[in-house]
Amino acid sequence: METRDDVHEPVMLGRVVELLSPALTSPGAVYVDCTLGLGGHARAVLEVAPSARLIGIDRDPDALTVARERLGPLAERATLVKAVYDELPEVLADLGVGGVHAVLADLGLSSLQIDREERGFAYRVDAPLDMRMSRGEGRSAADLLNSAPPVELVRILRHYGEERFAERIVAAVVEEREIRPFKSSGRLVEVISNAIPAAARHSPGHPAKRTFQALRIAVNDELATLERFLPAATTALTLGGRLVVLSYHSLEDRPVKRHLAALAADGVPRDMPVVPEHLKPRFKLLTRGAERPPEQEIRSNPRAASARLRAAARIKEA
């Protein structure tokens, strides 16, 4: 997600605004920022769409507080809701909104989560091993690490972190948690570094990066949430409505690519000369493949380096 104004702009801000704003020209058009974060994308979209209304969703109450402050006078056109983004249908139903014109989902962490050490997302500082996007709700990364069976931990590290040394790391974790439960990220980083081969410790990238990614995804049920969100978001879009998704690793990008490609396909054999009306695509892709940030943005905001943007527009009623 976006970072603070005095550090960096939101990721691919100009492109996001360019893609969403054409759907927000009519009076009362509804724009849903499903991962509001600090409100950087939302503020920019509202500034170029003066007649649009914002529904901002975030599971982190701290983010909602900061976003409201950052929106300033624009908050008069905003309704902010504490929810997980796959709860979009329930949010819209509660607000009496039947359809929306633009939806944004930025799947990355906000700087509110990364930069606040007590949140436990960063592996470069010693902090409580939390990683919950909704503070105080559900089990923390420490809870998971201290209680999950070894086979589950291996699955999590392999599937969500694509960690090739998963078994070695889990064996070391299980041995260490028997001595003393894990509470801090620093101790986990030390265990991971000692568990993997020396050559891997000195390869590019932090040795704990994949494990921390895997734990964060598991703690917040991120991939299952994304799978539920995608059909909910595209179903909510009115004719001409647009969806933009920013993902940050292949595990997120794959389901986005698959879902949008299916909606943009006509679903008939290639040799059929005429596509029946009821089988014509409901969406068209607005991006060719996954778009990446320009080099200039990556240089000024290294967190944008892994971003992948995909977008689609509804061209046919459901």
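How many helices and strands are there in the protein chain? The count is 14 helices and seven strands, where helices (H or I, at least four residues) and strands (E, at least two) are DSSP runs numbered from the N terminus. The model is a predicted one, so to speak of local features takes a pLDDT of at least 70 and side-chain atom pairs count only at pLDDT 80 or more, while totals for chains, interfaces and linings use all residues. Residues are numbered from 1 along each chain as its sequence is written, and side-chain values use heavy atoms, with hydrogens and water left out.

Taking the chain as a whole, 55% of its 318 residues count as buried. Buried here means under 20% relative accessible area, exposed means over 50%, and partly exposed is in between (1.4 Å probe, protein chains only). As for contacts, meaning heavy atoms within 4.5 Å, 70% of those between residues at least 6 apart in sequence join residues at least 24 apart.

Next, the annotated site. The unreviewed UniProt entry places a "binding site" feature at Gly-39, Gly-40, His-41, Asp-58, Tyr-85, Asp-106 and Gln-113. UniProt positions are given in the numbering used here, feature names are shortened, and annotations may be inferred rather than shown by experiment. Two of these positions can be looked at in turn. Gly-39 sits in the loop between strand S1 (30-33) and helix H2 (40-48), and with a relative accessible area of 2% this glycine is buried. Tyr-85 belongs to the loop that runs between strand S3 (78-82) and helix H4 (88-95). At a relative accessible area of 10%, Tyr-85 is buried too. Setting aside residues up to four places away in sequence, Tyr-85 touches Cys-34, Thr-35, Ile-57, Leu-107, Glu-222, Thr-225, Leu-226 and Phe-229.

Helix H3 spans residues 61-71, and its buried residues are Ala-63, Leu-64, Val-66, Ala-67, Arg-70 and Leu-71. The N-terminal end of H3 is capped by Asp-60, which has a side-chain oxygen 2.9 Å from the backbone nitrogen of Asp-62; a polar contact is a pair of N or O atoms within 3.5 Å, and within protein one must be able to donate a hydrogen and the other to accept it, with residues adjacent in sequence counting only if both atoms are side-chain atoms. After H3 comes Gly-72, with a positive phi near 60°.

Which residue of strand S4 (residues 100-106) is worth a stop? Val-100 is found there, and its relative accessible area of 0% makes it buried. Leaving out neighbours within four places in sequence, Val-100 is in contact with Val-30, Val-32, Leu-92, Ala-236, Leu-237 and Thr-238. For Thr-238, the C-alpha atom is 5.8 Å from that of Val-100, though the two residues are 138 apart along the chain.

Two methionines have a positive phi. Met-12, in the segment before helix H1 (13-20), has a phi near 50° and counts as buried at 4% relative accessibility. Met-131 has a phi of about 75° and lies in the loop between helix H5 (111-115) and helix H6 (141-147); its relative accessible area of 0% makes it buried. Ser-140 lies in the loop between H5 and H6 as well and is buried, with a relative accessible area of 8%. Apart from neighbours within four places in sequence, Ser-140 is in contact with Leu-129, Asp-130, Arg-132 and Val-219.

Now for the holes inside. On a 1 Å grid over the protein atoms alone, a cavity is a set of points where a 1.4 Å probe fits but cannot get out, and lining residues have an atom within 4 Å of a point. Grid points are joined across faces, edges and corners, and a volume is the space filled by probe spheres set on the points. By this rule there are two cavities of 30 Å³ or more. The second largest cavity has a volume of about 30 Å³, and its lining is made up of Leu-145, Leu-153, Leu-157, Ile-169, Val-170, Val-173, Leu-188 and Thr-211. Helix H7 (150-161) and helix H8 (166-179) each supply at least two residues of this lining, with H8 giving the largest share, three residues.

Finally, Pro-302 is in the loop between helix H14 (295-300) and strand S7 (308-314). At 55% relative accessibility, Pro-302 counts as exposed. Its C-alpha atom is 10.0 Å from that of Val-11, a residue 291 places away along the chain.

Conventions: On a 1 Å grid over the protein atoms alone, a cavity is a set of points where a 1.4 Å probe fits but cannot get out, and a pocket is an open set with protein on both sides within 12 Å along at least five of seven lines; lining residues have an atom within 4 Å of a point.
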